[in-house]
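This briefing sets out selected features of the structure shown below, grouped by topic.

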Amino acid sequence: MLAAIGVDSMEGLLVDIPESLRIPRLELPNGLSEFETMAQIASLAARNRAYPDRLTFRGGGVYRRFIPAAVAAVTSKPEFYTAYTPYQPEASQGTLQAIYEFQTLIAELTALDVANASLYDGATAVAEAAMMAHVHTGRNEVLVAGYLHPEYVEVLRGFGEGRGIKVKKGFEPTAKTAAVVFQQPDFLGLLVDAPDLTRRAHDVGALAIACVDPISLAILAPPGQYGADIAVGEGQQLGLSPSYGGPHVGFVACRKDLVRRLPGRLIGTSHDAEGRRGFVLTLTAREQHIRREKATSNICTNHSLCALAASVYMTYMGAEGMRHIAEVSFKRAHALADRLARLPGWELAFPDRQFLNEFPIRVPKAAVVNRKLARKGILGGLDVHRWFRELNGVLTFTCTEVNDPGALDELVEAVSR
Amino acid sequence: MAGRLYTKSHEWLTVEGKSATVGITDFAQSQLGDVVFLELPNPGRKLEANESFGVVESVKAASDLYAPVSGRVAAVNDKLAGKPELINSDPYGDGWILKLDLTGELSKELMDEDAYKKFTETGA
């Protein structure tokens, strides 16, 4: 088989996987039956140490949340599970209806006019929105205001490079600024003054792009309400497991007059010859197979199965359910912040700033704290110094509904010793 | 109409003094099919001859619009935003697209009606 694909050895096949991550020897004796092999592998796997959800206090863009069984019950239906975006799309009314419902839910959640069928993740959603602003305004600079997820900024730079977009940081847009991008709550979990940043963008004729946490919109003002032109975000919290970082789902919504800049698939409704309601691909002339190099984006696919999971999650939870978990997460995080800030040497990194369910706290020795916690099976805060020089010794802790009060006690106990 | 000039990219223009009216030809609208949307520049924008200034989108294609002559955009046909089908029903009348204040000379490449008719029939 190696010869058929043009690789000369097993090592050659694995060359892209860093050596530190490979298992040098599996120590499996020869001649085992399938049954015996399974037993051996199971006992090896039992040596893995996995942090339970309730003892995971790390977020930074990907979060543990309870996923109702209804999500998998729907997404595992073979009609959805095996389907790729069909080439004769209107033949698959169920697929199109599911996408239409996702779009509707996202548009309602963000209080904007229109949302697309989904994007890959939060990072590419930010980059796609920046391209929309670039094409719409004819300007070449994008201003990142405050703590936007550093990996989103990297993707934004990567996308921008080929399109001649310069990514700048700061709070003062100019006549060259195509868009002001901010995250609410920001990467550290802190609330930003979104209406003010939106106004700053509009004052210079730029667009305001709000990168939002979808669960937070159950209790925070939605982007459409404070006048943001485009809302984007990562939808992982809507019924998708962390899964080592993906696949997740990105979303993008915008004002109606920007719809022709919106990338990717868009589903609408129409009526057939007999007057029956049907779901159809809409405004496809925006897309690259028609607009070629003039299209806003070269994306022509989406994460439909993940978007379906998000739709089922939002529908199942309902507005009330989402508000409830947002409030529980808020209360737990604030209770934890109060207790941690009382520990000797610990202090909130931004005591004057509001937060929802994730907060930055300065600790005596970040690495030591997390090692102590790991020994108790607890995944501690994210060390954000890795990306931000000014945040030396700062960890961001996250609480969601899965971190029960007992888990908070265990965490505080483990770091108090 | 005498005096109407045509481009190889299927725009037309009529000139009156230092002002020109621009649209797309009957042949162009028939090839595009039902026009559903136009993306047009703001008044005041300066255009060079052959510069892309907008997009006409039909049910089957989206095509760029090119300035037949250099000029400053004096007016845009506002009716097209609500009724893009005017491009199909009356391409040389109510379906006009732009008015330009000329800033340059007319190109020798512009065709008169007979030459354009021949061009659309033979592609030459």
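Predicted model: local features only at pLDDT ≥ 70, side-chain atom pairs only at ≥ 80, totals over all residues.

Two strands are taken to pair if DSSP finds at least two bridges between them. By that rule, strand β8 (residues 71-76) of chain B and strand β9 (residues 98-102) of chain B pair in the antiparallel sense, over 5 bridges.

**Sheet in chain B**

- The strands β8 and β9 belong to an open sheet of 6 strands in chain B, with the order β1-β2-β3-β9-β8-β5 and antiparallel pairing.
- The edges of this sheet are formed by β1 (5-6) and β5 (46-47) of chain B, each of which pairs on one side only.

**Domains of chain A**

- Chain A is divided into domain 1, made up of 53-67 + 319-416, and domain 2, which covers 69-310.
- Taken over C-alpha atoms, the centres of domain 1 of chain A and domain 2 of chain A are separated by 28 Å.
- To the contact between them, domain 1 of chain A gives 23 residues and domain 2 of chain A gives 20 residues.
- On the side of domain 1 of chain A that touches domain 2 of chain A, the elements giving two or more residues are α10 (304-341) and β11 (358-362) of chain A.
- The largest share of that side of domain 1 of chain A comes from α10(A), with 6 residues.
- By residue class, the side of domain 1 of chain A that touches domain 2 of chain A divides into 14 nonpolar, 3 polar and 6 charged residues.

**Helix α6 of chain A**

- Helix α6 (residues 122-137) of chain A has 16 residues, which at 1.5 Å a residue should span 22 Å; the end C-alpha atoms are 23 Å apart, in agreement with that expectation.
- The helix α6(A) is mostly covered, as 14 of its 16 residues are buried.
- Gly138(A) follows α6(A) and has a positive phi, near 70 degrees.

**Arg375 of chain A**

- Arg375(A) is found in helix α11 (residues 366-375) of chain A.
- A residue counts as exposed if 12 or fewer other C-beta atoms lie within 10 Å of its own; Arg375(A) has 9 within 10 Å and is therefore exposed.
- Arg375(A) and Ala414(A) lie 39 residues apart in sequence, and their C-alpha atoms are 8.9 Å apart in space.

Conventions. Residues numbered from 1 in each chain as written. Chains lettered and ligands numbered in written order. Helix = DSSP H or I, 4+ residues; strand = E, 2+ residues; numbered from the N terminus. Expected span 1.5 Å × (residues − 1). Buried ≥ 20, exposed ≤ 12 C-beta atoms within 10 Å, placed from the backbone. Domains from an automatic or database assignment. Contact = placed C-beta atoms within 7 Å. Nonpolar A, V, L, I, M, F, W, Y, C, P; charged D, E, K, R; others polar.
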